[in-house]
Amino acid sequence: MRIDRFGGGDGSAFDESYRRYVKRVYGFLDKRLRTLADCEETTQEVFNNIFSSLASFRVEAPFAA
């Protein structure tokens, strides 16, 4: 995936990163939150925040950070 696509707000870059990282984010949260509903909701919030911040993504930063 080309991270520089985020800076331009490329929605397909978001879709690709979602598929690549959703299990990792969910797994991280699953170990820290008490309920399945909390984990699912927080995972959704993480990706909503990423999507709303695409235009300001700093391409020199690794996406996984």
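Predicted model: local features only at pLDDT ≥ 70, side-chain atom pairs only at ≥ 80, totals over all residues.
Glu 16 and Arg 20 form a salt bridge, in which the closest N and O atoms are 3.7 Å apart. A search of the whole structure finds 1 salt bridge. The spacing of the two residues can be understood from helix geometry. An α-helix has 3.6 residues a turn, so residues three or four places apart point the same way. Arg 20 has a relative accessible area of 45%, and therefore counts as partly exposed, since that class lies between the 20% limit for buried and the 50% limit for exposed.

Now step back to the protein as a whole. Its secondary structure comes to 3 helices and 0 strands, and along the sequence the pattern reads α-α-α. The protein has 65 residues, and 22% of them are buried. Of the contacts with a separation of 6 or more, 51% are between residues 24 or more positions apart.

Helix α3 covers residues 36-52. At 1.5 Å a residue, its 17 residues should span 24 Å, because the expected span is 1.5 Å times one less than the number of residues. The C-alpha atoms at its ends are 24 Å apart, which agrees.

Which residues of α3 are buried? They include Cys 39, Thr 43 and Phe 47. Seen down the helix axis, the buried residues of α3 fall within an arc of 60°, so they line one face of the helix. The face turned away from this buried side carries the exposed residues Ala 37, Gln 44, Asn 49 and Ser 52.

Thr 43 shows what lies against the buried face. Its relative accessibility is 6%, so it counts as buried. Leaving aside neighbours within four places in sequence, Thr 43 is in contact with Val 22, Val 25, Tyr 26 and Leu 29.

The structure holds 1 aromatic pair. Tyr 18 and Phe 47 form this pair, and its geometry is edge-to-face, with 4.8 Å centre to centre and 75° between the planes. The pair links distant parts of the chain, as Tyr 18 is in helix α2 (residues 11-30) and Phe 47 is in helix α3, 29 residues apart.

The charged end of Arg 32 sits over the ring of Phe 28, at 3.7 Å from its centre.

The last stop is Leu 54, which is found in the segment after α3. Leu 54 has a relative accessible area of 4%, so it is buried. How far apart are Leu 54 and Phe 14 in sequence and in space? They are 40 residues apart in sequence, and their C-alpha atoms are 8.1 Å apart in space.

Methods
Residues numbered from 1 in each chain as written. Heavy atoms only, no water. Helix = DSSP H or I, 4+ residues; strand = E, 2+ residues; numbered from the N terminus. Buried < 20%, exposed > 50% of the residue type's maximum accessible area, 1.4 Å probe, protein only. Arc of directions from axis to C-beta. Phe/Tyr/Trp six-rings, centres within 6.5 Å; stacked < 30°, edge-to-face > 60°. Lys NZ or Arg CZ within 6 Å of the ring centre and 35° of its normal. Contact = heavy atoms within 4.5 Å. Salt bridge = Lys/Arg side-chain N within 4 Å of Asp/Glu carboxyl O.
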